[in-house]
Amino acid sequence: MGVGIGLPGPVDRGMILGCVNLGWGIFSIVEEFSKAFHNVPVYAGNDANIAALGEYVAGAGKGMKNMMMVTLGTGVGGGIIIDGRILEGANGGAGEIGHIPVNPQEQDICGCGKKGCLEQYASATGIVRVAEKLRKENGNTALPAGCTAKQVFDYAKEGDELAMQAVEELGRYLGLALASCACVLNPEGIVIGGGVSRAGKILLDVTEKNFQTYVFKPCRNVKFCLAELGNDAGIYGAAAMVN
């Protein structure tokens, strides 16, 4: 029937608008892939959007009408599903939750060139960055130097004060960003995926607590859940695009 593909960058009506991680510029991904697959129809979209669609049709979002997904990995991505369809925006940039500005006082520069983006706090690299900054201010912690995101969460679960402070900072900014999104989208559910989501309940708890603090009251009845499909979410989503 066709081939579905998710790509790490904005996609607008089959045009890839640059994939920095792949070294790709601007070209028609659907035309190039269709030629490679003997003119079979090709459907393309942003990888986070397609992962969200996968969770919607076969994972944690199954049964919901409207949902958003946030992926916490090396960076922070997001996808929005409205009435079973991906919300892409004017040129494929919708759902880029990682670059919502959450801290105007931040001095470090995000990979996108701005300062104070959610990605600087809620990604795997972000929470490590926060933990290292806290260590310089107050080194009273068992958390080892050069730690990983997993270690930050593991030590927080064990009661390490500095690690818990880093997790709380992640939750504050992620909860704030998701509350802002909810005021616009009013989603039924928010699915959290990506490598950082393996932290489990501690991540859900700290995020939802802050979400409830910041969200507009009529939009607060949101189901928070962890993604279920792992790396297969994009496969399910790509197949759903073809169907």
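My entries follow, going from the sheets to the helices and then to the spaces between them.

**Entry 1: the model**

I noted at the start that this is a predicted model. I kept that in mind for each entry below.

I then checked how S2 is held to S3. Two bridges join S2 to S3, and the two strands run antiparallel. I found Asp-12 opposite Met-15 in S3.

Next I looked for a helix on these strands.

**Entry 2: the five-stranded sheet**

I moved on to the other sheet. Five strands form an open sheet here, in the order S8-S7-S6-S9-S10. Its pairing is mixed. S8 and S10 stand at the edges with a single partner strand each, so one side of each has no neighbour in the sheet.

S7 and S8 run antiparallel and are joined by two bridges. Ile-82 has Arg-85 in S8 as its bridge partner.

Which strands does helix H6 touch? H6 (residues 161-185) packs on the sheet and touches S6, S7, S9 (189-193) and S10. The direction of H6 makes about 155° with that of S6. I also looked at helix H7 (residues 201-214), which lies across S6, S9 and S10. H7 runs at about 155° to S10.

I picked Lys-223, which sits in strand S10 (residues 223-226). I left aside its neighbours within four places in sequence and listed the rest of its contacts. They are Met-64, Glu-188, Gly-189 and Ile-190. I also checked Lys-223 against Glu-208. The two are 15 residues apart in sequence and 9.3 Å apart in space, C-alpha to C-alpha.

**Entry 3: two loop residues with positive phi**

I checked backbone angles next. Most residues other than glycine have a negative phi. Asp-83 is not a glycine, yet has a positive phi of about 50°. Asp-83 lies in the loop between S7 and S8. Asn-186 also has a positive phi, near 50°. I placed Asn-186 in the loop between H6 and S9.

**Entry 4: a helix pair**

At what angle do H2 and H8 pack? Helix H2 (residues 47-58) and helix H8 (residues 233-242) pack at about 85°, with their axes 6 Å apart. An angle of 65 to 115 degrees counts as roughly perpendicular, and H2 and H8 are therefore roughly perpendicular to each other. On the H2 side, the contact is made by Ile-50, Ala-51, Leu-53, Gly-54, Glu-55, Val-57 and Ala-58. On the H8 side, I listed Ala-233, Gly-234, Tyr-236, Gly-237, Ala-238, Ala-240 and Met-241. By class, the contact has 10 nonpolar, three polar and one charged residues.

I looked up the largest pocket, with a volume of about 1100 Å³. It is lined by 37 residues, and the closest to its centre are Pro-8, Asp-47, Ala-48, Thr-71 and Gly-77. S3 (15-19), H2, S6 (66-72), S7 (76-82) and H8 each supply at least two lining residues. The largest share, five residues, comes from H2. The lining has 12 nonpolar, 19 polar and six charged residues.

The second largest pocket has a volume of about 240 Å³. Its lining includes Leu-53, Val-57, Ala-240 and Met-241. Strand S5 (42-46), H2, S8 (85-86) and H8 each supply at least two residues of this lining. By class I noted seven nonpolar, one polar and two charged.

**Entry 5: the cavity**

How many cavities of 30 Å³ or more are there? The count is one. The largest cavity holds about 40 Å³ of space. Its lining is Val-11, Gly-45, Asn-46, Asn-49, Ile-86, Glu-88 and Gly-92. Two of these are nonpolar, four polar and one charged.

Note on methods. Residues are numbered from 1 along each chain as its sequence is written. This is a predicted model: local features need pLDDT of at least 70, side-chain atom pairs count only at pLDDT 80 or more; totals for chains, interfaces and linings use all residues. Side-chain values use heavy atoms; hydrogens and water are left out. On a 1 Å grid over the protein atoms alone, a cavity is a set of points where a 1.4 Å probe fits but cannot get out, and a pocket is an open set with protein on both sides within 12 Å along at least five of seven lines; lining residues have an atom within 4 Å of a point. Grid points are joined across faces, edges and corners, and a volume is the space filled by probe spheres set on the points. Ala, Val, Leu, Ile, Met, Phe, Trp, Tyr, Cys and Pro count as nonpolar, Asp, Glu, Lys and Arg as charged, and the others, Gly among them, as polar. Axes are lines fitted to C-alpha atoms, for helices over the stretch in contact, and angles run from 0 to 180 degrees between N-to-C directions. Helices (H or I, at least four residues) and strands (E, at least two) are DSSP runs, numbered from the N terminus. Angles under 35 degrees count as roughly parallel, over 145 as roughly antiparallel, 65 to 115 as roughly perpendicular and the rest as oblique. Contact means heavy atoms within 4.5 Å. Two strands pair if DSSP finds at least two bridges between them.
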